[in-house]
Amino acid sequence: MIGSVIAFLVVEGIVAWQAFRRPDDAPGPLKGFSRRRLEAAWMLTPAVILVSLLLWTGSVLGRDAHNVPSHPDLVVHVTGHQFYWQLQYEVPGKDGAVRTVEVAPNQLHLPQGKVARLDIASADVVHGFWVPQFQVKTSVAPNAPDSLWIKPEDKGEFNIVCAELCGNSHFAMRGFVHVESDEEFAKWLASAEVAK
Ligand SMILES: [Cu+2]
């Protein structure tokens, strides 16, 4: 606010100074004098910058989180409860059958660079699964599940936030995504199972 007031005063000051300082008989623009190239550059340079930003933004935002790849590397069932996220991993067994492994709530571990499909559901009321840094968000209700996919590029810890006001402890419905290497993830998953 203060910055814009200062900028306004400076710019208006220059304009006023130029307006009052110029004598009435000052020469007009030179005839035949053209700055067409300069003006074209003034117009084209910002246009190129803005169009590039537009395309870049579109490519990022246009990545449809719901358009789930048909063969994800990993499937996790994420179920919202008042007030936690229940997490179950699909783990292929040696016989080819898929086993469901339940892990501690709210701590979603994902391997770096792998496509993970998250099958999100709600056990009670409307919850919103949101990982702001991954730009994925969806709301689910009982009998209205949704699926998203994430391919985390960077290791680290990222917040999971419930984006729907789901009750009196909604604020406490927080979790973390832990993005780790394949080895770290495999090691974690091998010992993460909790009794159902
Ligand atoms: Cu919630």
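Let's start at Gly80, which counts as buried because it has 27 C-beta neighbours inside 10 Å (buried means 20 or more other C-beta atoms within 10 Å of a residue's own, with C-beta atoms placed from the backbone). Gly80 sits in strand E1; strands here are DSSP runs of at least two residues, helices runs of at least four, numbered from the N terminus. Leaving out residues up to four places away in sequence, Gly80 touches Trp85, Ser122, Ala123, His127, Phe129, Val140 and Cys162, where contact means C-beta atoms, placed from the backbone, within 7 Å.

A word on what you're looking at: this is a predicted model, in which local features need pLDDT of at least 70 and side-chain atom pairs count only at 80 or more, while totals for chains, interfaces and linings use all residues. Residues are numbered from 1 along each chain as its sequence is written. The mean pLDDT (the predictor's confidence in each residue, from 0 to 100) is 88 for the chain, with 92% of residues at 70 or more. Confidence is lowest in helix H1, at a mean of 87, and highest in strand E4, at 96.

Now for the largest nonpolar core, which has 19 residues. Such a core is a set of buried Ala, Val, Leu, Ile, Met, Phe, Trp, Tyr and Cys residues joined through C-beta atoms within 7 Å. Val76, Val78 and Leu118 have the most contacts inside it. Strands E1, E2, E4, E5, E6, E8 and E10 each supply at least two of its residues. Beyond its neighbours within four places in sequence, Val78 contacts Trp85, Leu87, Leu118, Asp119, Ile120 and Phe129.

Notes: Buried ≥ 20, exposed ≤ 12 C-beta atoms within 10 Å, placed from the backbone. Contact = placed C-beta atoms within 7 Å.
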